[in-house]
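Please read these points beside the model. They run from the whole chain to single residues.

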Amino acid sequence: MTKLGKELLLEMFFKGITFKAIGRRRRIVAAAGFLALLVYLAGAAATAAQGNKPIKTKLLQDMEFGAVVATAPTGTVILYPSGQSPLYSGVVPMGGVVSPAAFQISGEKLQPFTIILPGSPIVIPGPTGDMVIDGFVSEPPAGANGVFNAQGKATVTVGATMYVTDQLSAGPYNSTFDLVVSY
């Protein structure tokens, strides 16, 4: 456990994005693992149907909240998909990489696609309490808002809100979330 004065140093790293195809109707699930020691990347394609090119994904950037120190009983870090500076409340940033997740998606040229983000919070258990990640947001926004460009490519970035308490032990907190992209 790392201490900074009387406050605990909390490190949150969203690392190691993995991808898997699911065999139903042109759909791909990207499970993002926040694994500090494992960085595994594998492309995957969904099954083509109705003449559409299979959807493929490639990780461009991991989602990372950096390191923070809680200065209040509860605190939040809001990570924006645009990459603008995070909003800190009840915590002080202590360095580390801070970035939204970014994926390159390829598919049928000029075709629209749908993005589905997690609808419920991700609870990350720790030895002295749970960290919660929710409020997932993306660019383009979730729903039927994406369109592949003339080269059949698009970039999707994902941000979220991390909730911490001053009771959490220091260290990396790891979990996964699903990002669904489909025609």
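The numbered points below cover the fold, the strand pairing, the core and a few individual residues.

1. **Basis.** This is a predicted model: local features need pLDDT of at least 70, side-chain atom pairs count only at pLDDT 80 or more, and totals for chains, interfaces and linings use all residues. Residues are numbered from 1 along each chain as its sequence is written, and side-chain values use heavy atoms, with hydrogens and water left out.

2. **Overall make-up.** The chain has zero helices and 17 strands. Both are DSSP runs numbered from the N terminus: helices are H or I with at least four residues, strands are E with at least two. Of the 183 residues, 45% count as buried. Buried means under 20% relative accessible area, exposed over 50%, and partly exposed in between, with a 1.4 Å probe and protein chains only. The accessible surface comes to about 8800 Å², and 54% of that belongs to carbon and sulfur atoms. These areas come from the Shrake-Rupley method with a 1.4 Å probe; for residues, only the protein chains shown count as cover.

3. **Contact range.** Take the contacts in the chain with a separation of 6 or more: residues 24 or more positions apart account for 71% of them. Contact means heavy atoms within 4.5 Å.

4. **Pairing around E16.** Strands pair if DSSP finds at least two bridges between them. E7 (residues 74-79) runs antiparallel to E16, joined by six bridges. One of the bridges links glycine 75 to valine 164 in E16. E14 also pairs with E16 in the antiparallel sense, over six bridges. There, valine 132 has tyrosine 163 of E16 as its bridge partner.

5. **Other pairings.** E13 and E14 are antiparallel over five bridges. A hairpin of two residues joins E13 to E14. Glycine 126 has glycine 129 of E14 as its bridge partner. E7 also pairs antiparallel with E8 (residues 87-89), through three bridges.

6. **Core.** Which residues touch the most other members of the largest nonpolar core? Among its 32 residues they are Met63, Phe65, Ile133, Phe136, Val158, Met162 and Leu179. At least two residues each come from E6 (64-70), E7, E11 (101-106), E12, E13 (122-126), E14 (129-139), E16 and E17 (176-182). E16 gives the most, with six residues. A nonpolar core here is a set of buried Ala, Val, Leu, Ile, Met, Phe, Trp, Tyr and Cys residues joined through side-chain atoms within 4.5 Å. In soluble globular proteins, nonpolar side chains tend to be buried together.

7. **Valine 77.** This residue of E7 is buried, at 0% relative accessible area. Its bridge partner in E8 is tyrosine 88. Its C-alpha lies 8.3 Å from that of alanine 160, 83 residues away along the chain. Leaving out residues up to four places away in sequence, valine 77 touches Phe65, Val68, Pro86, Leu87, Tyr88, Val91, Ala160, Thr161 and Met162.

8. **Threonine 157.** Threonine 157 sits in E16. It is buried, at 15% relative accessible area. Its side chain reaches the backbone oxygen of proline 81 at 2.9 Å. Beyond neighbours within four places in sequence, threonine 157 is in contact with Pro81, Ala101, Ala102, Val137, Ser138 and Glu139.

9. **Aromatics.** There are two aromatic pairs. The rings of phenylalanine 113 and phenylalanine 148 have centres 4.6 Å apart and planes at 40 degrees, so this pair is tilted. Phenylalanine 113 is in E12 (residues 112-116) and phenylalanine 148 in the loop between E15 (143-147) and E16 (153-165), so the pair ties together parts 35 residues apart in sequence. Both phenylalanines are buried. Phe113, Phe148 and Tyr183 form one aromatic cluster. The rule: rings of Phe, Tyr and Trp (its six-membered ring) pair if their centres lie within 6.5 Å; planes under 30 degrees apart are stacked, over 60 edge-to-face, the rest tilted.

10. **Backbone points to check.** Most residues other than glycine have a negative phi, and most peptide bonds are trans. Glutamate 139 and proline 140 are joined by a cis peptide bond, with omega about -5 degrees. Proline 140 is in the loop between E14 and E15. Leucine 110 has a positive phi, near 60 degrees. Leucine 110 lies in the loop between E11 and E12 and counts as exposed, at 57% relative accessibility.

Key
Polar contact = N/O pair within 3.5 Å; in protein donor to acceptor, adjacent residues only side chain to side chain.
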